[in-house]
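Thank you for making the time this morning. I would like to take you through one structure, and I would ask you to keep the display in view while I talk.

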Amino acid sequence: MMTRLLVLCMLDAKPMSGYDIQQALRMTDAERWGGILIGSIYHALKKLEKDGFITIDKVEQTGHRQKFTYRITEEGKEHLKELIREALTASSVQYPSSLYAGISFFEKLPAEEARQALEQQRAALENEYNSVETGWQEKNAAMEGNIPPMVQLVFDNMFATIRLQQDFVEKALAYLEDNN
């Protein structure tokens, strides 16, 4: 659903090729925040075209290849609205189930091994925070400090989610420290 939503949103803004869509999604780090695979764009385009939600706007010959530019159809605009409604109403709660399972059974590992694993989790969360921070700075610079309020809200929530996970890992590390 998310890939279809993002592709249709981009085509609603202007006709684009699959390559252009991929590049735009890479620039916005959609793999991270949208949970999509950039490589799935072409499959989504073919399916959206087959379903009548997009159509080929023009075909350009580039060497031995053809470059297709797509545009959204009226049916696609209606489908986009449906996808947006679904995205807004779908549960957004996602638990770190792997981490929870590891924490629940950490005592099956030697304490030092459990501590090292949590240290790796701490480093991964720090890297994630830094990546989101870099993305925010790039977006802020590109928009000359005029990030739309709802986009800022998304970034604020991403930062809060990472900080919450960091706090959880710190508490788990403190527990290990206090009980060994």
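Predicted model: local features only at pLDDT ≥ 70, side-chain atom pairs only at ≥ 80, totals over all residues.

**The sheet and what packs on it**

Let me begin with β2 and β3, which pair in the antiparallel sense over eight bridges. Residues are numbered from 1 along each chain as its sequence is written, and side-chain values use heavy atoms, with hydrogens and water left out. When I name helices (H or I, at least four residues) and strands (E, at least two), I mean DSSP runs, numbered from the N terminus, and I call two strands paired if DSSP finds at least two bridges between them.

Staying with this pair, β2 and β3 form a hairpin with two residues between them, and Gly 63 in the turn has a positive phi of about 65 degrees. Thr 62 has Arg 65 in β3 as its bridge partner.

What is the order of the strands in the open sheet? There are three strands, in the order β1-β3-β2, and the pairing is antiparallel. β1 and β2 (54-62) stand at the edges with a single partner strand each, so one side of each is left without a neighbour in the sheet. Between β1 and β3, which run antiparallel, there are two bridges; on the β1 side of the picture, Met 16 stands opposite Tyr 70 in β3, and Ser 17 stands opposite Thr 69 in β3.

Turning to the helices on this sheet, α1 lies across β1, β2 and β3, and runs at about 85 degrees to β3. α4 also packs on the sheet, where it touches β2 and β3, and its direction makes about 130 degrees with that of β2. For these angles, axes are lines fitted to C-alpha atoms, for helices over the stretch in contact, and the angles run from 0 to 180 degrees between N-to-C directions; contact itself means heavy atoms within 4.5 Å.

Which residues of helix α2 (residues 18-27) are buried? They are Gly 18, Ile 21, Gln 22, Ala 24 and Leu 25, where buried means under 20% relative accessible area, exposed over 50%, and partly exposed in between, with a 1.4 Å probe and protein chains only. Seen down the axis of α2, these buried residues fall within an arc of 165 degrees, so they line one face of the helix; the arc is that of the directions from the helix axis to the C-beta atoms. The cover over them includes α1 (2-13), β1 (16-17), α3 (30-34), α4 (41-50) and β3 (65-72).

Taking one of these residues on its own, Gln 22 counts as buried at 10% relative accessibility, and, not counting residues up to four places away in sequence, Gln 22 touches Ile 38, Gly 39, Ile 41 and Tyr 42.

In the loop between α2 and α3 we find Asp 29, which has a positive phi of about 60 degrees although it is not a glycine. Asp 29 is partly exposed, with a relative accessible area of 29%. Another residue to look at is Glu 144, in the loop between α7 and α8, which has a positive phi of about 50 degrees and is likewise not a glycine; at 70% relative accessibility, Glu 144 counts as exposed.

Gln 165 lies in helix α8 and is buried, with a relative accessible area of 16%. Leaving aside its neighbours within four places in sequence, Gln 165 is in contact with Pro 96, Leu 99 and Leu 125. Glu 126, in helix α7, is partly exposed, with a relative accessible area of 38%. The C-alpha atoms of Glu 126 and Gln 166 are separated by 7.9 Å, although these residues are 40 residues apart along the chain.

Finally, which element gives the largest share of the lining of the largest pocket? That share, 11 residues, comes from α8.
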